[in-house]
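User: Could you walk me through this structure? I would like to start with how the terms are used.

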Amino acid sequence: MTSPTHRASRETLLATLTPLLAAESRAEAPSAGVEAGDLEQAVWLRLLERLQEDGAPEHPADWLRRAVRAEARRARRASARERPYRGEPAHETQRSPEHSALVAERRRTLRAAVRRTPGHCPRLLTAMLHPGDPTYREIAGALGISQGSLGPMRSRCLGCLRRMLAAEVPAPVARGRVP
């Protein structure tokens, strides 16, 4: 059982660290791909475990900053290992009609640009964009070219496509007062 003074010091520690933890979590959460509240909760648990095992850290603010960054790193590593369930495409249920329309328009623009590329590029790029994700060997076989020439040809075609698409993007327009 904890004494009233010990409990009061813990409550004081928690009260002083709360704003710092909230700020640090809001700063680290986006890069970790987690919600700030989830990050805060994980750090609170680590702090409570530490208080129970070793007592209060000597420099609580420094400990808290390190703990937030450690939890953010842990979340990044975990998200890198996570894979969507095969039955459901990732984030498919959250797509709005506007999002679907924009994706479809981007695909149409890309396909139209691919058709305008010179030489063997339309066939090569179409084969590379195939939803079955064919291998280099399969693409080379379908196009009737050697697998060794596929890489340089792919680079030239993608460069051409990149230049074509960049030319279609309008230049930024100056806003506000122009001197």
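Analyst: Buried means under 20% relative accessible area, exposed means over 50% and partly exposed lies in between, with a 1.4 Å probe and protein chains only. Helices (H or I, at least four residues) and strands (E, at least two) are DSSP runs numbered from the N terminus. This is a predicted model, in which local features need pLDDT of at least 70 and side-chain atom pairs count only at pLDDT 80 or more, while totals for chains, interfaces and linings use all residues. Residues are numbered from 1 along each chain as its sequence is written, and side-chain values use heavy atoms, with hydrogens and water left out.

User: OK, which residues of helix H6 are buried?

Analyst: In helix H6, which spans residues 136–143, the buried ones are Ile 139, Ala 140 and Leu 143. They lie on the same side of H6, because they cover an arc of only 95° around the axis, the arc being that of the directions from the helix axis to the C-beta atoms.

User: And what is exposed on the other side of H6?

Analyst: Arg 137, Gly 141 and Ala 142 are exposed there. H6 is then followed by Gly 144, which has a positive phi, near 70°.

User: Switching topic, how many helices and strands are there in the chain?

Analyst: The protein chain has seven helices and zero strands. Of its 179 residues, 24% count as buried.

User: Which residues have the most contacts inside the largest nonpolar core?

Analyst: Those are Leu 17, Val 43, Trp 63, Leu 64 and Val 68, in a core of 17 residues. A nonpolar core here is a set of buried Ala, Val, Leu, Ile, Met, Phe, Trp, Tyr and Cys residues joined through side-chain atoms within 4.5 Å. The elements that give two or more residues to this core are helix H1 (4–32), helix H2 (36–53) and helix H3 (60–81). Apart from it lies another core, of 13 residues, which includes Ala 113, Cys 121, Leu 124 and Ile 139.

User: What does Leu 64 contact, leaving aside neighbours within four places in sequence?

Analyst: With those neighbours left aside, Leu 64 is in contact (heavy atoms within 4.5 Å) with Leu 17, Leu 20, Leu 21, Glu 24 and Val 43.

User: Last one: why does Ala 75 count as buried?

Analyst: Ala 75, which is found in helix H3, counts as buried because its relative accessibility is 16%. Leaving aside neighbours within four places in sequence, Ala 75 is in contact with Ala 32 and Val 34. Ala 75 and Gly 33 are 42 residues apart in sequence, and their C-alpha atoms are 7.3 Å apart in space.
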